[in-house]
Amino acid sequence: MSVKVRIPTILRTYTGGQAEVTAEGTKLSEVIDFLEKDHPGIAARVLDDQGKLRRFVNVYVNDDDVRFEGGLDAATPDGAGISIIPAVAGGC
């Protein structure tokens with residue numbers, strides 16, 4: 001299954017500056033594995049040392065937050081749009 005992955009600015013150094021890349025996989029873990037093969041180092045920014053999604057990185061398949069859709073087992077249907085969104089904190 002081919003999907004489009006939107007890459008946040010902070011991770012574009014891994015994709016040669018590309019804001020969107022194509023990946024393959026029927027579930028999110030397969031898509032991340034595919035991304036890692038084509039763009040080494042990106043998985044370490046999305047996954048923690050235990051191989052789980054980092055706490056402060058949000059991932060959406062189409063408009064669905066994967067944390068409520070099976071996490072790394074979330075389905076990634078053909079043509080889906082995947083968004084990786086690092087959380088932003090700040091304030092006083």
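By class, how many nonpolar, polar and charged residues does the lining of the largest cavity have?

Modeller: The lining of the largest cavity has 9 nonpolar residues, no polar and no charged ones. Here Ala, Val, Leu, Ile, Met, Phe, Trp, Tyr, Cys and Pro count as nonpolar, Asp, Glu, Lys and Arg as charged, and the others, Gly among them, as polar. The model is predicted: local features need pLDDT of at least 70, and side-chain atom pairs count only at pLDDT 80 or more, while totals for chains, interfaces and linings use all residues. Residues are numbered from 1 along each chain as its sequence is written, and side-chain values use heavy atoms, with hydrogens and water left out.

A search of the whole structure finds 1 cavity of 30 Å³ or more, and the largest cavity holds about 40 Å³ of space. On a 1 Å grid over the protein atoms alone, a cavity is a set of points where a 1.4 Å probe fits but cannot get out, whereas a pocket is an open set with protein on both sides within 12 Å along at least five of seven lines; lining residues have an atom within 4 Å of a point. Grid points are joined across faces, edges and corners, and a volume is the space filled by probe spheres set on the points.

The residues around the cavity are V5, L28, V31, I32, L35, V46, V59, I82 and I84. Two elements, helix 1 (28-38) and strand 5, each give two or more residues to this lining. Helix 1 gives the most, with 4 residues. Helices (H or I, at least four residues) and strands (E, at least two) are DSSP runs, numbered from the N terminus.

The largest pocket, by contrast, is an open space, with a volume of about 180 Å³. Its lining comprises I10, L11, Y14, R45, V46, R54, R55, F56, V57, I84 and P86. Helix 2 (42-46) and strand 5 are the elements giving two or more residues to this lining. By class, the pocket lining divides into 8 nonpolar, no polar and 3 charged residues.

As for the chain as a whole, it contains 2 helices and 5 strands, in the order β-β-α-α-β-β-β along the sequence. Its radius of gyration (taken over C-alpha atoms) is 12 Å, which agrees with the value near 12 Å of a compact globule of 92 residues; the globule rule is 2.2 Å times the number of residues to the power 0.38. Buried residues (under 20% relative accessible area, with exposed meaning over 50% and partly exposed in between; 1.4 Å probe, protein chains only) make up 36% of the 92 residues.

A80, in the loop between strand 4 (64-65) and strand 5 (81-86), counts as buried because its relative accessible area is 2%. A80 touches S2, V3, K4, V61 and N62, not counting residues up to four places away in sequence; contact means heavy atoms within 4.5 Å. Q50, in the loop between helix 2 and strand 3 (57-61), counts as exposed because its relative accessible area is 62%.
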